[in-house]
Structures are given as C-alpha cells and as structure tokens.
Amino acid sequence: MFIVGFSGGPQYSEINDEFEKLSPLYFHDAAAAIVQNGNPIFAIEEERLTRQKHTNRFPALAIRASIDVARCSIDEIEKFAFFFSETFFDADLAKESAILGLEKREGVRDILTKNISRALGADIDRQKIEFVRHHHAHAAGTYLASGFPEALILVVDGNGESESLSIFSGVNGKINEVHSYPVRVSLGYFYRYATQLLGFSNFDEYKVMGLAPYGQPHRYFGLVSELYKFNADGSYDLDIARLGDIAYNLGVLGRAEPRTREWERKANFAAAIQQLLEVVIIDILSWWQSKLDLKHLCLAGGVAQNCVMNGVIAETKIFEKIFVHPSSHDAGAALGAAIYTASRQKSATASFAVPYTPLLGPKLPQNDDIRREIEAWEGGMSIVECDDIFEAAADKIAQGKIIGWARGRSEFGPRALGNRSILGDPRPRENWQRINLAIKQRESFRPFAPAVLAEDFEAYFIPLPSNPNMDHMVFVARVREEKRAELGAVTHVNGTARVQVVTKSANPDFWRLISAFKKKTGCPVLLNTSFNNRYEPIVEDVADAIRTYLTTDLDCLFVGDNMAEKSVDIRSLIATYSLKLSDAAWMEEITTVKHQRAVLRRAPSYNRELTNWQLARYLREFGGEFSLVAHLMDSIATSDRDKLTDEVFVLWRERFIDVRPERVAHLI
C-alpha cells in the first residue's frame, strides 16, 4: 500500500495560472513524500527541484519523483494526502482570491485533482485526495518517527486551521488531540512579527535566533514579558499587536550595521523575544506534563525548528526523552500527512523498531555520469585523481580548505547532515567569517554547526538531559569551556553550538570522513553547514553542486567518489559558455519571458558597480537564450565586455540565469 503526502499551494508550477499572485507565504514549503505500509521510503521538498527557496507552488516535480523512486504504478497509490483540511483550504483560498480580485471557480479538491493528474499525465480519482488537519499531520509525523510507545506531542507554528499550538497524546502508535490554543496567541506569528520588526525578511526567524546570543535579554525582557500572561487553567494571553509599539519605542526597527549601538539594541530585543518564547513553551509543557503524566515529548511545527528553545526544554528535565522532528516545518507535514493517513487504515500496525532517517531524498547518479558532468567544464575545473575520497577530503580540510561535499541520498528537511554539506576545519575562528562572507554570502553574526563523532561528543560538549535526538542538528548544547578556544569556528558567542552527533550506523560515510579528519588532526569535529549560497536552496544534484562550487569561493568539490578543483577564475571562460534564463528566477525587467516554467518574484541585489544592466536588455531582445555568451560579446563594444562578464557572473551567482558549457546545453 502506497500513500503520497504533499504540501504546497494550488498554483501549478508549469503553467501561468490564475493563482499566480498569491503571497509566497501562502502554503509555503511545498514537498511530497511517499510511504509504503506506513514506512517512509522517499521525501523531497519542491524547492530542491525547482531551485525556488520555500516555494509555495504545487509540488508537481516532487510528486513525480516520489512515484518514480517507489517504482509503483499510479493505480497502486491508495491515497494522496494533503496537509490541511478541505473546508479550511476552500474557505482560505476563496478569501485570498477575493482579496486579489481572482475568480475561484472550482473547489480545492478539484484543483488538486487536476494538478496531480497533470503532473502524472493520467487522470486520478478525486476521491483519492485525503485531507488531513495540519497539526494532525505534524503530530503523526513526529510521534511515529520518535520510536516512543507513549509521548506528549506538542505542535507549534503560525497556524493550523484554527489553532496555533496543539497538545496531543501518543499511545501505541495512535495520536489523540487533547487541546489546542487559538491563532490570536500564535507563537509563530509572534516570532515572525519580531523578525519583521528587526528588519529581516520572510522565513528569517533563524536569524533572530542567531542574533539573540549577542544581546542581554534582561535589558528588554521586562517590557516584552508584559505582553504575556499564563493562566491557572493552562491557557495564556499574548498581546502580539503591542509588540510593534515596544519595538518602535526602543528604536530597534529596521536593519543596522553590526557592532553599532543600534545593532546592540536589536540584539537585546532579539534576546528578550527568544527568552519570552522559551518561557511560554516551558509554562505550557510543565502544565500539560503534570496533567497527562507522559514521560516523553515529541515536537513539530515551524517553531520547533528553534533549536535554542529545544535545548532549553531539554535542560528543564521535565521529560525523560525528547524527539524533535528534523523536518518540523511545513514540508515535513507532507510526510506527516502520508503517515497519518496510513496509520488510520484498518490494516495498519504501528512499528517503533525502525529508526527514522532524514536521508530520504534522491541519490546521486552513477560515478561515470558524475565524472562526465565535471569533465564538461574542461578548462574551468578538472577531476583530481585520489585513492581514497575520505582521506583526500579530510586532508584538504586539515590544510584549511573549505569543501563542498555531496554524497548518497540527500537530506529531507532544512538541515544538511553530511550528505549535501559545506565542510571546514572547526578550529580556526577565521573560518567563521570566511564562510559567512565569501562562501555563504550572508550576515557575519550567523553561527555554524559542529558535527562530532558520537564517541567523542561528551569530551567536547555538555550532554543535554532528557536524552534528545542529537543526531539531527535540532538542539543547541554548551561547548565545554576548555574546548571553546579549540572549536573557534563553531562556538557561538555565548559558548553554545547547534550540535550534530554522527554515529557510524546512521551515516557511515560521514562518520568515516570525520574519523579521517580526527586521525590527521586529533579533532573529531567538522564545521558543517548546508551546501548552498544565500540565493538558493540546498544543492540536490550534480549540476547544483557544480554551480554553487563555481560561483562561490569554495576550494574543492567532492561529489560521490570524485574530487574536483578549479583550474582558473571561471569568469575568464564565461564567453565560451551557453547562457539561459534560470528556471528558478525571473527578472522584473524582462517582460517577455513570463511563461518560464517557474516564476519567482524577486529583484536582483544589484551590485552598485554594475549600474547599467545591459544583460537584461539583451535577454529581453533575444528571448532569454543564447548558444554562447560570445554571441553577446560580439554585439557590444570591446570596452563593455568586461562589464558584461561581471553582469553574467553576478546574475549566475544569484540564480537569475544559468551558465553551462556548450556541450551540456541540451541538459538545461
């Protein structure tokens, strides 16, 4: 029995449909997953395939990939489980359509049936669509992944249908909703509002979490805590609207340069917001644990991605064991919807014997295919022969190199756990700034995670109580004081780190790489961050890895059993490559290409030195595609060619265009 779960909006990614104007926050983080007899066998976020971060488009590519990997026929799919209820989705889409002046002609069931049929190239029965309440999907996903026979389940996010926080009990494979809290006191919306007040963008809540340790929470906690009251009956009040007045009076609105007085105020505000979140969650969990007397805790929902909060929960020792789902965001609810639907089938039986693995994505192709893609960039990069890929990678890292590492199946979720990672030496503190600024191209205050061998974890970090799942990078723990100087690149300003504990059984290849590094240096830790730059999702396939490697300052690339290095500055070869508008982006200036397969409304962060963007005019004139960049060069003055080369590189780096060797242009 196969069940496909999916999340995402009603827009179909391959047509210019009537819902094109919906907000990017509308049913974001599209994904699809497939389970067989209740067991996950594949899951992937749509963003990994379309290259649009947090896409809310219908997950057509992800659904197709799920069925392809499962090698099942469409007739073998018993249900397609969606991550929200039908009545809620219908009402919400009608409301949004009215606001945007759109005409919603069909019910959501018909829209989704049509989209699935179009994605699969075959008509499906509309009764195969199963709608699952949002928090039920989250709850089932985390509980059945935990392996706990019984648990208190907390789901906390912006909102489900009419709730923002839900309490469930899980017993012997079945979940039961106990209580829910209304959207008006949403902790997800509270934290998002604080994120916006601080000048960050949608989906930037993790930046507030990273900024908070630079501040002193007591400076502003008295003010923000006045917004909150916990009541004797287990309910609570939270005046979210008044947070804006507090932020205005404190002078923390908008962006500020690091280490300035304004930035310090913002850090203090972020610290107070983070502390209030922790206080509310601990109050709720303490109250419900005393009422239900459940010894284990499962967490899911977008707020459960706050790994600092998770660490605080573990330190309270309220629970004997804690499991936080590594895909707690809405993409994870796609898998949860499938698991929930499977668990309710009459023939379903709960099994806690198989540990959950987030390595559910596509695997890399055969080694010969990987080599051919690398070799296509002849002149720009080349394969370096090595006897042992793990020894070679460990040696490069020990020499101070920063590497891109892609191997095996990709991770499902927002964390790179050693299969699609950027890796470096965790010891030199300068690696922190180098990776942030030159490779990830992001804010300098953002921390990196240490990946440590399980057998060496306690020598470097203080274990958290409550036996949490430390192997998924979802908890912050304290670095031992005597080890903080040694781990300069992964120890945050307050002496903590978002730790990933690597076991040989869960990820033998990553464990082997860290072990090789330990053998060379004596350090059983690697700096681990996701393999991407700030403009794109985590890399998925070989082409993604090459693109990110060539457009950042990464020193080496390891894909499968292959090591590659750059031969020259890639800019010097741009004129010899083919150029095409990227499927992942659309420049507002280019008005003639609205029917690109995927449309993402964002403007390039134009480099001030490149004030006259000629490339946009050329792409508009020629329809967005050239066999060679050299054809562009021939049409402009010699004095403008260096400038055009810079334009091509910047837009390639920011994923508005794609640049490929001519010999693989047909693969685009």
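The following exercises, each with a worked solution, concern a predicted model of a protein chain.

**Exercise 1. The chain as a whole**

Determine how many helices and strands the chain has, and state what percentage of its residues count as buried.

Solution. 
Step 1. The chain contains 21 helices and 26 strands.
Step 2. The chain has 668 residues, and 59% of them count as buried.
Step 3. The accessible surface of the chain is about 25,700 Å². Carbon and sulfur atoms hold 47% of this surface.
Step 4. Consider the contacts in the chain with a separation of 6 or more: 72% of them are between residues 24 or more positions apart.

**Exercise 2. The packing of α10 and α11**

Classify the arrangement of helices α10 and α11 from the angle between them, and describe which residues make the contact.

Solution. 
Step 1. Helix α10 covers residues 261–292 and helix α11 covers residues 307–316. Their axes are 10 Å apart, at an angle of about 45 degrees.
Step 2. An angle under 35 degrees would count as roughly parallel, and one of 65 to 115 degrees as roughly perpendicular. The angle of about 45 degrees therefore makes α10 oblique to α11.
Step 3. The crossing of the two helices, α10 and α11, is right-handed.
Step 4. On the side of α10, the contact is made by Q274, L277, E278, I281, I282 and L285. On the side of α11, V308, M309, V312, I313 and T316 take part.
Step 5. Sorted by class, the contact of α10 with α11 has eight nonpolar, two polar and one charged residues.

**Exercise 3. The packing of α14 and α17**

Carry out the corresponding analysis for helices α14 and α17, beginning with the angle at which their axes cross.

Solution. 
Step 1. Helix α14 consists of residues 389–398, and helix α17 of residues 508–521. The axes come within 8 Å and cross at roughly 50 degrees.
Step 2. With this angle, α14 and α17 are oblique to each other.
Step 3. The crossing of α14 with α17 is right-handed.
Step 4. The contact of α14 with α17 divides into eight nonpolar, one polar and five charged residues.

**Exercise 4. Buried or partly exposed?**

Decide whether R653 is buried or exposed, and do likewise for L253 and P326. Locate each residue in the chain and name its contacts.

Solution. 
Step 1. R653 is found in helix α21, residues 641–653. Its relative accessibility is 19%, and the limit for a buried residue is under 20%; R653 therefore counts as buried. Leaving out residues up to four places away in sequence, R653 touches Q441, N533, Y535 and T551.
Step 2. L253 occupies the loop between α9 (243–250) and α10. Its relative accessible area is 42%, so L253 is partly exposed. Beyond its neighbours within four places in sequence, L253 is in contact with L197, A247, Y248 and K266. L253 and A194 are 59 residues apart in sequence, yet their C-alpha atoms are 9.5 Å apart in space.
Step 3. P326 belongs to the loop between β12 (321–324) and α12 (330–343). With a relative accessibility of 5%, P326 counts as buried. Apart from residues up to four places away in sequence, P326 touches Y356, P358, G413, P414, H472 and V474. P326 and E411 are 85 residues apart in sequence and 9.6 Å apart from C-alpha to C-alpha.

**Exercise 5. Two positive phi angles**

What phi does R51 have, and what phi does H54 have? Locate both residues and classify their accessibility.

Solution. 
Step 1. Most residues other than glycine have a negative phi.
Step 2. R51 is not a glycine, but has a positive phi of about 70 degrees. H54, which is not a glycine either, has a positive phi of about 55 degrees.
Step 3. R51 is placed in the loop between α1 (47–50) and α2 (60–70). H54 also lies in the loop between α1 and α2.
Step 4. R51 counts as buried at 11% relative accessibility, whereas H54 counts as partly exposed at 23%.

**Exercise 6. A residue in a strand**

In which strand does Y577 lie, and how far is Y577 from V629 in space?

Solution. 
Step 1. Y577 lies in strand β24, residues 577–581.
Step 2. Y577 is buried, with a relative accessible area of 4%.
Step 3. Y577 and V629 are 52 residues apart in sequence and 5.8 Å apart in space, C-alpha to C-alpha.

Technical notes:
Residues numbered from 1 in each chain as written. Predicted model: local features only at pLDDT ≥ 70, side-chain atom pairs only at ≥ 80, totals over all residues. Heavy atoms only, no water. Axes fitted to C-alpha atoms, helices over the stretch in contact; angles between N-to-C directions. Helix = DSSP H or I, 4+ residues; strand = E, 2+ residues; numbered from the N terminus. Parallel < 35°, antiparallel > 145°, perpendicular 65-115°, else oblique. Left-handed = near helix turned anticlockwise from the far one by under 90°. Contact = heavy atoms within 4.5 Å. Nonpolar A, V, L, I, M, F, W, Y, C, P; charged D, E, K, R; others polar. Buried < 20%, exposed > 50% of the residue type's maximum accessible area, 1.4 Å probe, protein only. Areas by Shrake-Rupley, 256 points an atom, 1.4 Å probe, with all protein chains shown as cover.
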